[in-house]
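Please have the sequence and the structure open while I talk.

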Amino acid sequence: MRLVPDHSGRIRRSALVEFTFDDAPVKGHAGESLAVALIRAGHLHLRDAPEDGAPRGAFCCMGLCQECVIGIDGLAVESCREIVAPGLVVTSFRGRA
Amino acid sequence: MMLQTDIAVIGAGPAGANAALAAARQGFSVMLLDEQPLPGGQVWRAKSTAILDAPATPEGDAGDRLRQSVKRSSVTYAGDARVWQIEPVEGAWQLHMLKGGRTAPLRARALVIATGAREFVQPVPGWTTPGVLGLAGATALFKQELALPGKRIIVSGTGPLVFYVAAEIRRLGGEVAAVVTPNSQGDWLRVLPAMLPRPDLLMRGARWIADLMASGVPIHWRHAVTRVEGGSRVRGVGFRKLAPDWSPIGTSQGLEGDSLCLGNGLIPAVEAAQLAGVALAYHPELGGWVPRHDEDGATDVPGVFICGDSAGIRGAAAAEIHGRLAGLCAAQHLGADTRKERKQLRPIHARAARFGTTMTALSIPRAGLAQLTTEETVICRCESLTRSAIAAEIAGGARSSNAVKSGLRAGMGACGGKFCQTTVARMIAAADGRAEADVPPPTPRPPLRPVPVSVLAGDFEYSDLPIPKPAPL
Amino acid sequence: MTRIYDIAVIGGGIMGCACALRVAEGGMLPIVLDQGDLGQGASGVNAGTLSLQIKRVRLMPYALKGHHEWARMGNAVGFHKTGGYTLAFTEHEAELLYERQRLKAEAGAPISFVSAQTLRKAEPGLTQKVVAASYCPEDGYANSSLTGQYYRRRLQDQSISYHERCPVTAVDHDSNGFTLATPIGPVRARRLLLAAGAWLRPVAALLGVDLPVRARVNTVSVTGRMPPLVSTVIGHATGLLTMKQKANGTVLVGGGWQGRGTPQAGRGQVTAETVVPNLALAQYALPGLGNARVLRSWTGFEANVPDFYPLAGALPGVENAFVLGCVRGGYTIGPYIGRLMGDFILSREPELPLFDPARNFDEEAT
């Protein structure tokens with residue numbers, strides 16, 4: 001028995017579009033946050049911590065912690081604040097300082 | 001061209017948006033700024049454009065009402081605007097904001113700061129593993145994207161937020177592996193009388209808990225997650241029973257899950273107020289360091305007002321009223337007479353704040369929770385600094401937040417110390433036998449958010465640079 | 001019975017600490033008092049540049065000695081000798097560069113002029129728009145953030161008493177010496193050294209002495225970690241840019257652009273009006289910096305007197321009181337001049353002359 005209804009079947013989302021993450025194709029809904037699209041696609045590990053190289057991913061989800069930073073057009077940006085768009089080329093900060 | 005306004009409001013949550021509306025009703029030009037595309041703040045965060053249709057929620061409805069009010073008002077809303085600098089210029093306040101890949105100045109005669117809160121997370125081994133999200137962070141995913149951080153999610157932390165997060169996971173079709181909370185059922189029973197003035201919230205909370213119980217989701221009262229297993233992604237957690245002071249006791253049990261939502265209450269986001277020169281005071285019952293302000297939100301700095309959770313964690317209901325008070329206060333500062341209206345609002349705010357601070361009290365970690373952070377646990381995520389490294393620096397004589405920051409870089413990383421400074425300050429206080437109130441956070445530094453050099457520089461010719469005369473030979 | 005120190009040092013920056021260490025070596029019992037933390041004033045918030053190319057000609061012998069001191073401190077202060085280039089982007093700046101660097105070379109700094117080709121080979125990340133450049137192999141940097149940690153350890157190693165968050169609020173003096181009012185109670189000492197940096201004026205006023213000390217409000221910024229962009233310390237012909245990339249990848253940008261505020265008001269403030277052109281100039285010199293994110297900008301108070309030469313010697317009119325500060329290039333020169341000051345207090349002949357605080361300051365520097 002559940003007292004909190006399952007709404008997942010009643011949510012309508014925008015069309016799926018494709019972008020790339022470290023050259024791998026990823027599908028996300030146009031307009032949703034990049035962090036969410038990456039999480040859904042199983043890409044949790046977005047960067048390595050600079051000092052110990054430990055894996056890191058989205059944490060605060062409100063643009064503060066800088067853990068979900070990825071590269072777009074050479075700039076480091078927070079994936080929780082970037083929007084999925086078709087053809088976006090996203091690079092991780094894995095494996096480099 | 002320089003943007004000008006009578007009143008600038010930083011933050012468009014329930015506090016900031018209501019401050020803007022109240023001030024605008026007094027006839028002033030108001031500019032309302034927020035990092036998010038639309039008003040709502042964290043609590044009433046708007047859905048992204050990727051959501052075409054979805055069932056209504058109380059948070060969504062409250063946010064929609066607020067967004068409608070702002071839209072219908074004379075308030076000018078600037079979304080996706082990140083304020084990175086605040087400075088006094090010629091008797092006014094000059095803000096610099098990042099918007100649309102450029103930086104633009106805005107001059108205001110008065111400033112309302114409504115920057116809300118951020119989360120405190122007591123570091124535990126493995127809390128840096130991808131798949132560990134803040135509790136409040138998870139709610140941002142729910143509200144904005146109606147998305148989940150995983151499929152089988154462990155929810156752990158203090159206060160009412162764990163139950164909201166668990167309920168939302170279930171509403172959005174996810175599985176809650178378990179709820180692990182340091183609070184006991186007794187803690188909740190004790191606050192019931194204080195919750196009676198808000199039967200709506202009481203009923204909602206009761207339904208969340210009943211739903212978990214009816215569905216067989218374990219609720220581990222008076223327990224905490226003590227370690228995260230995984231490596232490059234969460235595979236499970238270890239959790240332990242807590243003593244009344246929340247220090248871990250008993251043997252470790254295990255839970256499997258692919259993500260963890262973890263949080264231990266909120267901390268006022270005070271950096272903007274600090275940059276504006278507002279002094280802080282320590283109020284543990286309000287979440288820690290709070291900009292000094294009177295009951296209407298006036299600070300010691302003329303023309304600067306503060307409201308909502310950034311003035312102390314009192315919750316959304318109180319923030320709405322506090323916002324109106326601060327907006328009216330700013331209007332008063334610019335010549336309107338708002339004394340009567342403010343007098344009427346104060347008791348309403350006090351009532352809402354009593355409820356909010358009761359919830360805050362449930363969320364504030366007790367002293368023993370600090371023991372979850374082991375010697376090898378990373379405390380400063382940006383610089384990967386462990387508890388033992390920080391303890392050694394303190395033992396070496398660094399006895400202030402600034403000294404630990406300088407010597408070790410704890411707080412010099414990309415987040416600016418937002419997720420380590422509370423833990424570091426508590427360690428200094430404990431090591432030095434001082435009160436937490438004697439260990440203030442590090443000196444605030446702009447920019448409030450990272451800003452690309454190219455954006456700051458903009459387009460310029462070399463000859464445009466106002467290079468001063470050379471230093472003496 | 002209260003302990004009577006041989007000397008109380010007000011101000012735990014580089015100069016105060018270096019002097020305390022020297023007099024302790026000479027057998028005196030010092031105590032160091034700081035209103036905040038050790039090394040958190042100008043000593044700890046400057047850009048850490050160790051460049052002979054931006055030192056004043058007359059201070060060059062002190063700067064050369066200073067470089068040796070930093071090299072000796074080494075890793076503990078994040079010292080790196082990288083060499084450094086100073087750039088000119090216009091003909092006018094090139095003239096300025098030739099004129100100034102020649103004088104500095106004559107004063108003993110191993111500065112040479114380099115061709116565009118040499119520069120490009122050494123620092124391919126720099127802009128092609130360089131009109132002239134000079135080079136000094138002695139240049140480098142240290143990490144000023146480590147100043148407090150370093151001197152705290154040194155004082156502890158030498159068992160020298162120090163007290164942080166310990167402002168001196170009053171000074172009494174009689175024939176036996178000085179009594180300082182502090183939060184830890186009265187501190188008694190036979191001698192007194194004022195080494196309070198930008199706060200020298202109010203501290204000297206406690207003794208009824210008016211020192212014409214003013215403060216510049218220098219701005220420094222740091223970026224997040226970047227891939228390698230530049231390997232040497234970069235300056236500008238006017239002295240209004242210093243830039244270096246640390247081993248961790250962060251880039252530190254300074255150059256003395258002015259923020260706001262006064263030491264009396266307690267803190268300086270960064271202002272967009274100057275930090276923006278400072279960073280624009282840095283990006284002009286090093287285009288790859290455009291992609292870096294600025295994480296922090298801050299200010300530090302750099303004290304000076306009207307002739308921009310140091311105060312280093314006896315405090316005028318007060319027996320057994322001394323003053324040390326206002327050294328342009330104080331980070332570089334601080335450890336050395338602190339030692340000279342220690343020798344002076346120990347009644348030894350300093351290796352290089354000090355700068356009499358009783359001199360006439362009327363002549364403004366040009």
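This is a predicted model: local features need pLDDT of at least 70, side-chain atom pairs count only at pLDDT 80 or more; totals for chains, interfaces and linings use all residues.

Let me begin with a definition: the bend at a residue is the angle between two axes, one fitted to the seven residues ending there and the other to the seven starting there.

Residues are numbered from 1 along each chain as its sequence is written, chains are lettered from A and ligands numbered from 1 in the order in which they are written, and side-chain values use heavy atoms, with hydrogens and water left out.

With the bend defined, where is the kink in helix 9 of chain C centred? It is centred on Tyr336(C), and the angle there is about 30 degrees. Burial comes next, and by buried I mean under 20% relative accessible area, by exposed over 50%, and by partly exposed anything in between, with a 1.4 Å probe and protein chains only. In helix 9 of chain C, 14 of the 16 residues are buried, so the helix is largely enclosed by the rest of the structure. Just after the helix, Ser347(C) adopts a positive phi of about 65 degrees.

Staying with chain C, UniProt, in an unreviewed entry, places the feature "domain: FAD dependent oxidoreductase" at residues 6–343; UniProt positions are given here in the numbering used for the model, feature names are shortened, and annotations may be inferred rather than shown by experiment. That span is 29% helix and 28% strand, and its end C-alpha atoms lie 14 Å apart. Elsewhere in this chain, Phe113(C) sits in strand 6, residues 112–114, and is partly exposed at a relative accessible area of 33%. If we leave out residues up to four places away in sequence, Phe113(C) touches Leu97(C), Tyr98(C), Gln101(C), Arg102(C), Ala133(C) and Ser134(C), where contact means heavy atoms within 4.5 Å. The C-alpha atoms of Phe113(C) and Leu155(C) are separated by 42 Å, and the two residues are 42 residues apart along the chain.

Turning to chain B, the unreviewed UniProt entry lists "domain: FAD/NAD(P)-binding" at residues 6–320, a stretch that is 28% helix and 34% strand and whose end C-alpha atoms are 21 Å apart. For helix packing, axes are lines fitted to C-alpha atoms, for helices over the stretch in contact, and angles run from 0 to 180 degrees between N-to-C directions. Helix 1 (residues 14–25) and helix 8 (residues 315–333) of chain B have axes that come within 7 Å and cross at roughly 35 degrees. Among the residues that meet there are Ala15(B) and Ala19(B) from helix 1, and Gly323(B) and Gly327(B) from helix 8.

Arg342(B) belongs to helix 9 of chain B, residues 339–363, and with 8% relative accessibility it counts as buried. Beyond its neighbours within four places in sequence, the contacts of Arg342(B) include Asp296(B) and Gln332(B).

Some backbone details in chain B also deserve a look. Pro446(B) and Pro447(B) are joined by a cis peptide bond with omega of about -5 degrees, and Pro447(B) is in the loop between helix 12 (421–432) and strand 23 (451–452). Glu90(B) has a positive phi near 50 degrees and counts as exposed, at 70% relative accessibility. Ser384(B) also has a positive phi near 50 degrees, but Ser384(B) is buried, with a relative accessible area of 13%.

Finally, chain A has one helix and eight strands, in the order β-β-β-α-β-β-β-β-β along the sequence. Of its 97 residues, 56% count as buried.

Methods: Helices (H or I, at least four residues) and strands (E, at least two) are DSSP runs, numbered from the N terminus.
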